[in-house]
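Here is a short report on one protein chain. Keep the structure open as you read, and find each residue as it comes up.

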Amino acid sequence: MAMQRVLSWGPDSGAIMTALNAAVFILLVGAAACLLPLRKTTQAGIGLVSQALASGAVWCVAVPILAGSAPVVGELAWAYPVGTLRVRLDALGAFFLIWSLPMTLLGGLYAVGYLKPYFRSTRHLGLHYALLNLTSLSFVVVYTADHALIFLLGWETAALAAWLLVIWDYTNQKVRFAGFNYLVSTHIGLIFLVAAFMVLYTHSGSWDLGSFGQWLRASAGSERNLVFLLLIASFGLKSAFFPFHSWLPRAHAAAPAHVSALMSGVIHKAGLYALVRFIFLIGKPDEWMGWFLIGFSALSAVVGALYTVGQRDLKRLLGYSSTENVGIAGIGFGVGCLGLSWGNASLVAIGFAGGLLHVLNHAFFKCQLFYAAGAVYQATHTVDMERLGGLSRLMPWTSLSFLLGGVAIAALPPLNGFASEFVIYSGLFTEAPIGAGAKVVLCVVGALLAFVGAVSALSITRAFGVVFLGTRRDHGALPPTEVSRWMLAPMGIHAVGVIALGVFPLLGFKLVQGSTVIALGSLPRSAIHVLTPIATTLTWIGMVSGALVLAIELLIWLRSRTISQPTTTHVTWGCGYPAINPRMQYTGSSFSADFSARFRSVMMMLRRQKAPTGYFPDESYLITDCVDAVERRIFSVINHGDASAGELSDRLHEDDPRVAFAVALLGIVVIAALLVLTSGPLP
């Protein structure tokens, strides 16, 4: 076992300033400085500089750990009943930290261009950058916490900072409702997490995560099963697994584009980190846990993909695709979980490596897609696909960025989405010596994953075609133009990551190797070598497909340069429609109408129309939108309960004092009965 570097922060030894200490200090001071009454450009600059310095400080610790150095451990003595506070940064936490802080920095950079109108307003822009600093601080706390209370502190900091970022445009009632929905959902998840920690503390007698792990490994049974289900509910709400996803599309549609990008690509990943961390603490899960996680994740992937096809709001579409992609990563973790329960090292390595690699890849292409959607919104003041069209000629860089992200999210080579899903497929279609029934079920899950990929390709083709191709549908405003370089730069950096991790997947494998070694730590032998042939195959696929794409682009460029003879143009036969107008194009609804009809039972379509009547009809319209069945059912139950409570109140005449007296007397009788049942007759 590798030795650990211990950083003692006790009063006798004095505070040893480490890179992690520096990162925390820089982020806190930067957040406080952003709140000072300074010029808005100065406030933004302080936020960006502090995030850049903190990212560099974290890299100084995380990079050596990912390269094979020992984990960093720190302790701080605290009063009873908390005890000694412990932090620990190992390869798993370092993997999440190494890209979480830089991506938050890119979000702050994007915000300079996206929030440009606020630089000229009376809004306190420094608050926004202070919240971004607190978000980065929460990552440092959560990913290094080895104590339950520290973990909860970082967990809640991330939730509150994200909520305040979501409701930045708080004057809009829809934004406030979306923020409230998110706040309630994340705190329901917190209740489940606290309940799990209370059970763990009761049995372990300590708040240390290591002590939690000792009890979990030694106490297989109903109580461990209960803790597992509580954790799944909590982390499922945080990461927006189905059916805990209903807050996600509303929050993403309401938040600024860079906040939506950070929530989907970075902040939600804390739930997946916690899921993997506690699987590692369990050591050898029960077999049903792996199957449950695979089924739970496969359901999220399928439903999330289906809902993307019916959305007309571009940001809601991307929000539902987050549910799809956390489900894909969860399938990988489920495969790894089965490997742990069966003692199969190759399944452990492939499952966790594939899941973690997909988490990284999703962060890159999802942020890129949200940044492109934000550019569309800033240029056109709408993300309603039915009002957009023809933007590729007016916004070429944004169009290219969305196309790259779309190819990646559809898992097509040579981009990064293909690499991680290929690894997960390798785990599902395994040659490992497992039962025939298990192989059949894993193959079925692989078929579902293929279906999800096909639906994702349909969804992104629909979005790109309707928004960026064709002609403009809404001519009510000035023609949109390309956005500023402040917004294009983060898109370009993410595009480089999407291409690099696809063409050279060994980069991603190097980042997840340390975490995979941790997963294999509880098994008698390691199987990290099984990733080598997969990485080699992916490298060849990435390089060959990348070269093919470059060759095609080169041929197109040469053709455009060599064919210089003048061409004559003439009006073509218009099939009786010589006066073409934008209304003759496919809309998003018509593009996917046949597919949506086949899944009518899952995709609830809301239809509003005003049919034309008479010889000279007035204005008519037809509007279709896919609504969330889970959210609709929740609101239906709430409305029904409210109506039932009101009806009961009317029948009981609650203003009658006799009713209040009777209820109080009944309560006393119930309490007395409980006392008798638990402690015997009253003296």
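## A covered helix

Helix H11 spans residues 257–267 in this predicted model. How many of its residues are buried? The count is 11 of 11, so the helix is mostly covered, given that buried means under 20% relative accessible area.

## Aromatic rings

A pair of aromatic rings is described by two things: the distance of the centres and the angle of the planes. In this model the count comes to 33 aromatic pairs. One of them joins phenylalanine 95 and tryptophan 99. Phenylalanine 95 has a relative accessible area of 0%, so it is buried. Tryptophan 99 has 4% and counts as buried too.

Now compare tyrosine 110 and tyrosine 371. Their ring centres are 4.4 Å apart. Their planes are at 25°, so this pair is stacked. The pair links distant parts of the chain. Tyrosine 110 is in helix H3, while tyrosine 371 is in helix H15 (residues 345–380). The two are 261 residues apart. Both tyrosine 110 and tyrosine 371 are buried.

Rings can also gather in groups. Phe95, Phe96, Trp99, Phe139, Tyr143 and Tyr273 form one aromatic cluster.

## Charges over rings

Which ring does the charged end of arginine 123 sit over? It is the ring of tryptophan 168, with the charged end 3.9 Å from the ring centre. Lysine 238 has its charged end over the ring of tryptophan 155, 4.9 Å from the centre.

## A buried aspartate

Aspartate 90 lies in the loop between strand E3 (85–89) and H3. Is aspartate 90 buried or exposed? Its relative accessible area is 3%, so it is buried. The side chain of aspartate 90 makes a polar contact of 2.8 Å with the side chain of arginine 277. Beyond its neighbours within four places in sequence, aspartate 90 is in contact with Ile65, Pro71, Arg277 and Ile518.

## The largest pocket

Rolling a probe the size of a water molecule over the atoms shows where empty space is left. The largest pocket holds about 1400 Å³ of space. It is lined by 46 residues. The closest to its centre are Ala253, Ala254, Asp313, Tyr377 and Val383. Helix H7 (residues 173–204) gives the most to this lining, with five residues.

Two cis peptide bonds come next. One runs from phenylalanine 242 to proline 243, with omega near 5°. Proline 243 is in the loop between helix H9 (222–239) and helix H10 (247–254). Another runs from proline 413 to proline 414, with omega near 10°. Proline 414 is in the loop between helix H17 (396–409) and helix H18 (416–428).

Then look at phi. Alanine 240 is not a glycine, yet its phi is positive, about 70°. Alanine 240 sits in the loop between H9 and H10, and at 0% relative accessibility it counts as buried. Histidine 381 also has a positive phi, near 65°. Histidine 381 lies in the loop between H15 and helix H16 (391–394). At 61% relative accessibility, histidine 381 counts as exposed.

Technical notes
Residues are numbered from 1 along each chain as its sequence is written. This is a predicted model: local features need pLDDT of at least 70, side-chain atom pairs count only at pLDDT 80 or more; totals for chains, interfaces and linings use all residues. Side-chain values use heavy atoms; hydrogens and water are left out. Rings of Phe, Tyr and Trp (its six-membered ring) pair if their centres lie within 6.5 Å; planes under 30 degrees apart count as stacked, over 60 as edge-to-face and the rest as tilted. Buried means under 20% relative accessible area, exposed over 50%, partly exposed in between (1.4 Å probe, protein chains only). Helices (H or I, at least four residues) and strands (E, at least two) are DSSP runs, numbered from the N terminus. A charge sits over a ring if NZ of Lys or CZ of Arg is within 6 Å of the ring centre and within 35 degrees of the ring normal. A polar contact is a pair of N or O atoms within 3.5 Å; within protein, one must be able to donate a hydrogen and the other to accept it, and residues adjacent in sequence count only if both atoms are side-chain atoms. Contact means heavy atoms within 4.5 Å. On a 1 Å grid over the protein atoms alone, a cavity is a set of points where a 1.4 Å probe fits but cannot get out, and a pocket is an open set with protein on both sides within 12 Å along at least five of seven lines; lining residues have an atom within 4 Å of a point. Grid points are joined across faces, edges and corners, and a volume is the space filled by probe spheres set on the points.
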